[in-house]
Amino acid sequence: MFPSWTTHTFLNGFPNTSVSNKLLEAGAVGSFILPIPVSGIRSLDKLSFEMGLSKYNALGIELEYSFSRSTGLSSLGKMIKIPKENLGFIKNTLAFDLSEITFQGQDTLYLFLSVNRGQLSENKNFTQRKSAVRIDNIRVSGMRNVRNEKLKNDLHYVIFDQKSNLKVSRGKFDVEKDAQSLRVELPFGEYSLVSIYNNSVKNPFLPEVIGSKNDFYLLDSMEVDGRIFGSIDTFKVDRSFSKKLELHRAYSQVRFEFTDTLATTKVTQLRVYPNHQPFAWNPYSINLPSLDAKPRKPYVIDINMDREKTVVFNEFLGLEAMARDLKYKVEVMEEEKVLRTFEVQGSVLNNMQLVFKGPLLPPTSGFGGFEISLKEKWTGEKVITFDKE
């Protein structure tokens, strides 16, 4: 929640922090609203973050929560007081306990992180308009439900020689059962490494034979429950070394938010048909095998509209900088009966969220009443004269 005069910018992260990135500085801010998707989450642990306050801030920080952006706020724990000597944008590492929140049957939890609380505190320099907050490294921890125990946890890798572009090594391992690191022996030289983390029912759609960089590509194989991460790294071998790999999402999140006000309890399932061709990631070549032109199978998603107003799934886009056009046909089902069919489309970049918002079932009838009264006021008068005989 921000006053009309609120400003914001991004600065270098706090010094002596474990992650080097940008922090957010917001001026004259009242609170930060953090929407947390909780569908599929078993429990939450804590909210942790780093925060710095200007010399014009009040010293109190509070956390409240709700399942709506505007109503029903509940407090979480006690107000945190920042020592006055820690003003002046000194980094404070803070945390709130989230374990008491019960959210079963909810889709989104809204955390309201409020600053400038306790204005009657020791800081007599407090001025709302001059105050500013720096915040970074926000993290929510907890445990999620396993939606599908058949999901694989494999890391696939291919190593290419930088000069010849030829493959020198290829393999995979289960990151949960076998190892948390990749160990290979290579001759001295320079190399490219392609890493694919596959968290889906199927194996990632890679070529059976990869002889050189031009042979490499990755096609969609995630289906509704899956996730795929990837990265390309270059490194030089002239001694024993250790290198940290950071894999990035190769997909975006698609979310349907339904705005129905009337009950839609007869809806039991959605069938979402992708009407776009599956995407490919081929970072080294423009050549691709001919893609299957057959209609794609639908994403079948069970839904209970008594508890859920949102449906979420992932769509593979590959680690590409360009926007992709997504198109879907949606069948709204009551058991095996189609209640409604509609189509949506939109453009999105990789690692973004695309939201389609509207009614799941349009109203088929209206309800109203009539109040009857007699309008007895004359609208005017017309006079006609006549002569006596």
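How many bridges pair strand β17 (residues 251-258) with β21, and in which sense? Seven bridges, in the antiparallel sense. Two strands pair here if DSSP finds at least two bridges between them. Strands (E, at least two residues) and helices (H or I, at least four) are DSSP runs, numbered from the N terminus.

A word on the model. This is a predicted model, where local features need pLDDT of at least 70, side-chain atom pairs count only at pLDDT 80 or more, and totals for chains, interfaces and linings use all residues. Residues are numbered from 1 along each chain as its sequence is written, and side-chain values use heavy atoms, with hydrogens and water left out.

Back to the sheet. E257 stands opposite T310 in β21. The sheet is open and has three strands, ordered β21-β17-β24, with mixed pairing. Its edge strands are β21 and β24 (353-358), and each pairs on one side only. From one strand to the next, the twist averages 20°. For angles, axes are lines fitted to C-alpha atoms, for helices over the stretch in contact, and the values run from 0 to 180 degrees between N-to-C directions.

Now the rings. A pair of aromatic rings is described by the distance of the centres and the angle of the planes. Rings of Phe, Tyr and Trp (its six-membered ring) pair if their centres lie within 6.5 Å; planes under 30 degrees apart count as stacked, over 60 as edge-to-face, and the rest as tilted. The structure holds 13 aromatic pairs. One of them is F216 with W281, edge-to-face, at 5.9 Å centre to centre and 90° between the planes. F216 sits in the loop between β13 (189-199) and β14 (218-219), and W281 in strand β19 (residues 280-281), so this pair ties together parts 65 residues apart in sequence. Buried or exposed? With buried set at under 20% relative accessible area, exposed at over 50% and partly exposed in between (1.4 Å probe, protein chains only), F216 is buried at 1%. W281 is buried too, at 4%.

Next, F313 and Y328. Their ring centres are 5.5 Å apart and their planes at 80°, so this pair is edge-to-face. F313 is in strand β21 (residues 310-316) and Y328 in strand β22 (residues 324-334), 15 residues apart. F313 is buried at 2%, and Y328 is buried at 0%. Both belong to a cluster that ring pairs build from F256, F258, Y299, F313, Y328 and F356.

Charges over rings come next. The rule is NZ of Lys or CZ of Arg within 6 Å of the ring centre and within 35 degrees of the ring normal. R134 lies over the face of F89, 3.9 Å from the ring centre. K329 lies over the face of Y273, at 4.8 Å.

Last, salt bridges. That means a side-chain nitrogen of Lys or Arg within 4 Å of a carboxyl oxygen of Asp or Glu. There are eight salt bridges. K91 meets E50 at 3.9 Å, N to O. K91 is in the loop between β7 (80-81) and β8 (92-97), and E50 is in strand β4 (residues 41-53), so the pair ties together parts 41 residues apart in sequence. K91 is partly exposed at 26%, whereas E50 is buried at 9%.

K172 and D154 meet at 4.0 Å, N to O. K172 is partly exposed at 49%, and D154 is buried at 9%. D238 bridges to R239, with the closest N and O atoms 3.9 Å apart. Here D238 is partly exposed at 43%, and R239 is exposed at 58%. Finally, salt bridges with shared partners join E62, E64 and R117 into one network.
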